[in-house]
Structure formats: C-alpha cells, structure tokens
Amino acid sequence: VHTGSRGFGHALAKHYMDRARAQVRRDGGRPVEATWLAPDAPHWRGYRNAVAAGANYAIANRLLLWEQIGTAFRRVFGQEPELVYEISHNLAQPETAPGLDGTCWVHRKGATRAFPAGHPDLAGTVWESTGHPVLIPGSMGDTSYVLRPRPGAARALFSVNHGCGRRLSRGDARQRLTQSGVNRQMRALGVMVNAGGDVPIDESPDVYKSAEAVIAAVREADLAEVVTTLRPLASIKGGEERA
C-alpha cells in the first residue's frame, strides 16, 4: 500500500523551501535548489512539525486502505491477511550518522531508513539479525523487489531509495502518452488496473525508470541485496478528484 500526504505534502514543502531560500538571502548567501533550514533557524520548529503532520496523515491513509484491503481479502479468500511491515518516506529524523559526531537530522526524500543487521538501533527488535526490509517497487507493469540492507548502506547514511524514480513528470506524461495506448500496454502485460478501468496515464509504466537498472545500481553500490522478486498481477490506482 503506497500513499502519501498528496497535495498537503507538496504545499508544506514549497512553503518551507521558500522560507529557507529567503533565510539564505538574508544571511548573504545565494539560494540553490537543494536548500535547508538549520536547527536554530526561525522556521525550523514549524518545518519539523509540518513534516511530522504530513507523515502522520500518510500513515493514517495507509492503515485505512489496509483495513479496506483486509476486508476484501477476507471476503474473497476467507483468510486474514498479515501486515508485515509499515514504513514511511520523506521524513526528517534524528540519528547517529556514520562519520559525524553526535546526533544529526537525516532528511530522506524518496528514500527510507535501511539499517543493516547488527545496527545498534535495531537491538531488541524483530529486525535485529536481518536488518530492515527494503522495499523498492517498480511501476505497475514492472518488477518490484524486497531487499536486505548491506553494510555499504552506511555510506548513504543508511538510506535506500523507495522506488524506481520517474522518467517523465506527470505533466509530460499526459502530453506524450495517450489513454488508449497505456490501456493497451497494461492489457498486453496481463496486469489488471482499476478492475479493468482506465489506467492513470501519469502512473503508467513508461513514466518510470527500469526497475532492473535501478536495482543493479543499488547492488553495485553495496546498499542492499535482493531477497525476493515480485511481479504485478493487478493494481488499484487512485486519481485526483477535481471540483
């Protein structure tokens, strides 16, 4: 189940990025795309609380969707599904980072925490001997992967990407691709989308990078190793509601 804070997350990010750039200007610097707020900055506390609110909203969304999925699963299969792992992305968290003295804030954008086996923060948890599960989904027409963190993840502040990344923005996808084309593509792949309805153009396979190429890069960087490979059978994709 993958959902985020949707427009709320985008709005809070833009709000605080604008204020961070303004702070850089006031301090005599030149703003860049990857800007920041230091912990002693006037807007830091508000930013941190806003990120927490976005994460809480996203978690609530996922758990509500999971309950609905569980109800459908019980009706169809007569069995109780099990929630194995729940993880968020796009968070700012205080951690002890390799090579840095003391505690620092690690902000993962499009990535998740990936502590390997034996990491001190996993002591006493179910992941102590295996490390965190690493979930890297492909597009709705591509392979998805469950991986295990490698010690090399320390070089990336114990972070691994939380997806395969876009090749096209949502706007570019709508301009370059057609509804009939993406519908045919998913039928040819044998993947049912939205119970046979239209495939969201901006979530179709050609919008995303090759999962195989992305996983190859993760393995070559010694960030994680593949445990399980998954292929899609069906996908439910929500759309934007417009007034």
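I count a salt bridge when a side-chain nitrogen of Lys or Arg lies within 4 Å of a carboxyl oxygen of Asp or Glu. The model I am reading is predicted.

**Entry 1: salt bridges**

I looked up Glu 80 and found a salt bridge with Arg 74, where the closest N and O atoms are 2.8 Å apart. That is a salt bridge because the cut-off is 4 Å. Glu 80 is exposed, at 59% relative accessibility, and Arg 74 is partly exposed, at 33%.

Next I took Lys 14 and Asp 18, whose side chains form a salt bridge with 2.9 Å from N to O. Both residues sit in helix α1, 4 residues apart, which is about one turn of the helix. Lys 14 is partly exposed at 47%, and Asp 18 is partly exposed at 33%.

Then I checked Asp 202 and Arg 170, which meet in a salt bridge of 3.2 Å, N to O. Asp 202 is in the loop between β7 and α5 and Arg 170 is in helix α3, so this pair ties together parts 32 residues apart in sequence. Asp 202 counts as buried because its relative accessibility is 10%, under the 20% limit. Arg 170 is partly exposed, at 31%. I also noted a network, in which salt bridges with shared partners join Arg 166, Arg 170, Arg 174, Asp 202, Glu 203 and Lys 237. My count for the model is 13 salt bridges.

**Entry 2: helix α2**

I followed α2 from its first C-alpha to its last and got 48 Å for 34 residues, close to the expected 50 Å. Which residues of α2 are buried? I listed several, among them Trp 44, Tyr 47, Ala 58 and Arg 62. The buried residues of this helix pack against α1, β1 and β2. After α2 comes Gly 78, with a positive phi near 70°.

I found Ser 88 in the loop between α2 and β1. Is Ser 88 buried or exposed? It is buried, at 13% relative accessibility. Its side chain makes a polar contact of 2.8 Å with the side chain of Arg 62. Beyond its neighbours within four places in sequence, Ser 88 touches Ile 59, Arg 62 and Thr 112.

**Entry 3: positive phi**

Most residues other than glycine have a negative phi. I noted Asn 90, not a glycine, with a positive phi of about 60°. Asn 90 lies in the loop between α2 and β1 and is partly exposed at 28%. Phe 158 is not a glycine either, and its phi is positive, about 55°. I placed Phe 158 in the loop between β5 and β6, where it is buried at 10%.

Technical notes:
Residues numbered from 1 in each chain as written. Predicted model: local features only at pLDDT ≥ 70, side-chain atom pairs only at ≥ 80, totals over all residues. Heavy atoms only, no water. Helix = DSSP H or I, 4+ residues; strand = E, 2+ residues; numbered from the N terminus. Buried < 20%, exposed > 50% of the residue type's maximum accessible area, 1.4 Å probe, protein only. Polar contact = N/O pair within 3.5 Å; in protein donor to acceptor, adjacent residues only side chain to side chain. Contact = heavy atoms within 4.5 Å. Expected span 1.5 Å × (residues − 1).
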